[in-house]
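Biologist: Could you walk me through reading this structure? I'd like the general idea of each feature and then the case at hand.

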There are 2 protein chains.
Amino acid sequence: MTRSSTQILSPTWIAPVVPKDVLLLGHSLVIEGERIAAILPTAEAQQHYPDAPEVLLPEHLVTPGFVNVHGHAAMALLRGIADDREMMDWLTNWIWPIEGELVNEQFVYDGTRLAALEMMMGGTTCAADTYFFPESAGRAFTDMQFRAQVGMPVLKFGNAWARNEEDHIHKGLAFRDSIKNHSLLTTAFAPHSPYTVSDQGFERIRLYAEQLDLPIHLHLHETATEISEALQESGMRPIERLHKIGIVSPALQAVHMTQLRDDEIQLMATNGVQIAHCPESNMKLASGLCPVQKLRSAGINVAVGTDGAASNNDLDMLQEVRSASLLSKVTSGDATSLSAAQSLESLTINGARYLGLDEHIGSLEPGKLADITSIDLSHPAFQPIYHPVSQLIYTASARDVSHVWINGKPVVEQGKPVSADSDSILAATREWQLRVQSIQANQ
Amino acid sequence: MTRSSTQILSPTWIAPVVPKDVLLLGHSLVIEGERIAAILPTAEAQQHYPDAPEVLLPEHLVTPGFVNVHGHAAMALLRGIADDREMMDWLTNWIWPIEGELVNEQFVYDGTRLAALEMMMGGTTCAADTYFFPESAGRAFTDMQFRAQVGMPVLKFGNAWARNEEDHIHKGLAFRDSIKNHSLLTTAFAPHSPYTVSDQGFERIRLYAEQLDLPIHLHLHETATEISEALQESGMRPIERLHKIGIVSPALQAVHMTQLRDDEIQLMATNGVQIAHCPESNMKLASGLCPVQKLRSAGINVAVGTDGAASNNDLDMLQEVRSASLLSKVTSGDATSLSAAQSLESLTINGARYLGLDEHIGSLEPGKLADITSIDLSHPAFQPIYHPVSQLIYTASARDVSHVWINGKPVVEQGKPVSADSDSILAATREWQLRVQSIQANQ
């Protein structure tokens, strides 16, 4: 490791997340190569690393990079295309027809770059993604220097990427082989939902997931309709059906979970399931309420995701955890629920744990990968600052993020992307917009 | 009117709000003095007003200035002082003791300037305020060139400003006399709540409000505890008690309203009551859910307020209407509830109507006062833009506001305050912070 790759970050505050509830003043964080080397008093950092450039961050709070545990990055190209509609209207009359006409490798590559640009500018350094053409998504995330779990989608219906369940699994495994030991990418099976994957499909997924030690990322109990239709079709609620197939396990990343009975919560806890809470998407589509307070009380790890921009309409993790906190308080009737400190954990270490990456990211500890976000709290809207973490959770949004590092490399400085070619991303976005609009004009 | 006071604003989009659901492209808005002179195609504007300076606003959406219908501006100095606490713990163990020691004319002046600075930088051009020392608040709003309804607070308890109910009313009326025909300020009676004002107090307020044609601004049915304690004390729910006194009338600005039976909603509708919905404060303090969808269906005008920064923790009206929309959708189970277009009305014309100022502000129409907000939608997080108003409501926050005019005068340009002395406001804020912290250290 050469000296030239060493950097000292000197903000006003550091919230390392691990250990819990610590706020450091007058400290600096030292990056060496792609890892965090040390966190120590600023004077000591300057003495130990006299030749390292120091990034001064006055009135900034430095935290671990945010982890967005559920999304469909490429759908950023369909942001706000059909707001204020019921979920099945939105999906069947708007999203699916446009996707049917447009989605291809280039759509996924361009849309994923746009989403990664937005996410890194908003302090997010890692995302769980699931969409078609995972190779294109993986290439986009890699080109953007962005960390991601890129899902291998599985559906029983054919689409532009794969013909049937079998073909999805086959192509997914080929994608998995192509990213082995990648410095930024991991993968997971991503069966779309209980209603779009067969029992045989889930059985094969379980088998491969066990053999290859892969997570299973699944939309589950998202709406009341999903439950009632499953009951009509099979006499079972989706969780019961999946439990019989052996899918309810520590490998499961269960997304949404707005319709849960107490016995189902207990089943999740007993089986060590990871849960992705997407409050803004659930609210915007009127899907229902994820019982976060009960899930946490049962000892379940709950992380937070934005879902795709088409149902949000942004990928702003600060707004998302604020919505999660406020919604949990009012629906549980407990104003102490999901405190600012717990929300910061939801943003970071809970997401890392959900992805099985908590040995590497999710907190600022020496030896961990340097995925770091610095938020500028100098705006009048933050003053006076009694508790910086409160202001982060209850006031800040993506636009307050100033500097971001992924794997030790600066990707955002002074709010501007430094590694990404924004001009080409925005030019591609405009082209896709024209194509979407011409489809709409012809409908 | 001299030519020099004429300005042409040329954004990409104009959403005038009245007429409904109109979005103008290629148009300019002309300000003459303190009023809107015209909205017309840009080429025509340039031809009709050849000497007027033109403010080019590419990729900007221009809307009426936002109206924040409930807050306690000076409490910005207590922002985030005690988060994640139950409302009565928050109020009795944190807010009231600190207020008891610190609140004076200067506190209110300095805190109100800080809040007005934050609000104008976030696109808000008018606010309903209620706190102690209304003269100081009025002076602060005037110095900031900010439009406000400054409440005359009434409580049965003595405090730094007034000794008893009688004294509150007396001092309030003196304040009213001092701001007659003010270009920026109006006033209203602001009895704090049913539990802090006596029947006699409410009767006098009703009498004066009728005589002087003044609104009555009141926290009402904010929590379940308020109702159960009122039932214990008087055998009546607060609305019933107030209705008997004659307070439930078109003069009433009822704030919060989270605990409502259907017959109470009907009573509000029949009596033309104005309602202030403060979703983030209600969520953060776990107060309850205002049934916005039902209120709107009953034909009641519902506007939106941030409440004080101490329970929010910001005064960002864009976040507030987004929270209102998302919360309404998920709690009503109707994803079409509070659409983007309706949310823009909540932000603007509904607030103007609530304040009785809809002849003067709340929409961009020739002849109305030039209270105008321009939001910069060029950030990658907004792209692609299919529907600018959707992106405003579901993605934008205060930091995306670029230019603001109040009464025709620019107060914010390129996101920076141009009329306010931010340095002196922030210096005063730091001094108050030290005083608050020294009180906390001695507790």
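Modeller: Let's start with secondary structure: helices (H or I, at least four residues) and strands (E, at least two) are DSSP runs, numbered from the N terminus. In chain A that gives 16 helices and 17 strands. Bear in mind that this is a predicted model: local features need pLDDT of at least 70, side-chain atom pairs count only at pLDDT 80 or more, and totals for chains, interfaces and linings use all residues. Residues are numbered from 1 along each chain as its sequence is written, while chains are lettered from A and ligands numbered from 1 in the order in which they are written.

Biologist: How compact is chain A for its length?

Modeller: Take the radius of gyration over C-alpha atoms and hold it against the globule rule, 2.2 Å times the number of residues to the power 0.38. Chain A comes out at 21 Å, close to the 22 Å the rule gives for 443 residues, so it is as compact as a globular protein of that length. Its C-alpha trace spans about 65 × 45 × 45 Å along the principal axes.

Biologist: Which domains does chain A have?

Modeller: Domain bounds come from an automatic or database domain assignment. Here, domain 1 is 3-65 + 361-417 and domain 2 is 73-354. Their centres, taken over C-alpha atoms, are 29 Å apart. For the contact, two residues count if their C-beta atoms, placed from the backbone, lie within 7 Å. Domain 1 of chain A puts in 31 residues and domain 2 of chain A 29. On the domain 1 side, helix 15 of chain A gives the most, with 5 residues.

Biologist: And how many residues does each chain bring to the contact between chains A and B?

Modeller: Chain A and chain B bring 53 residues each. Helix 16 of chain A gives the most to the chain A side, with 6 residues. For classes, Ala, Val, Leu, Ile, Met, Phe, Trp, Tyr, Cys and Pro count as nonpolar, Asp, Glu, Lys and Arg as charged, and the others, Gly among them, as polar. The chain A side then has 23 nonpolar, 16 polar and 14 charged residues.

Biologist: Why is helix 13 of chain B called largely enclosed?

Modeller: A residue is buried if 20 or more other C-beta atoms lie within 10 Å of its own, exposed if 12 or fewer, and partly exposed in between, with C-beta atoms placed from the backbone. In helix 13 of chain B (residues 340-347), 8 of the 8 residues are buried, so the rest of the structure largely encloses it. Among them are B:Gln342 and B:Glu345. The cover includes helix 12 (317-332) and strand 5 (54-64) of chain B.
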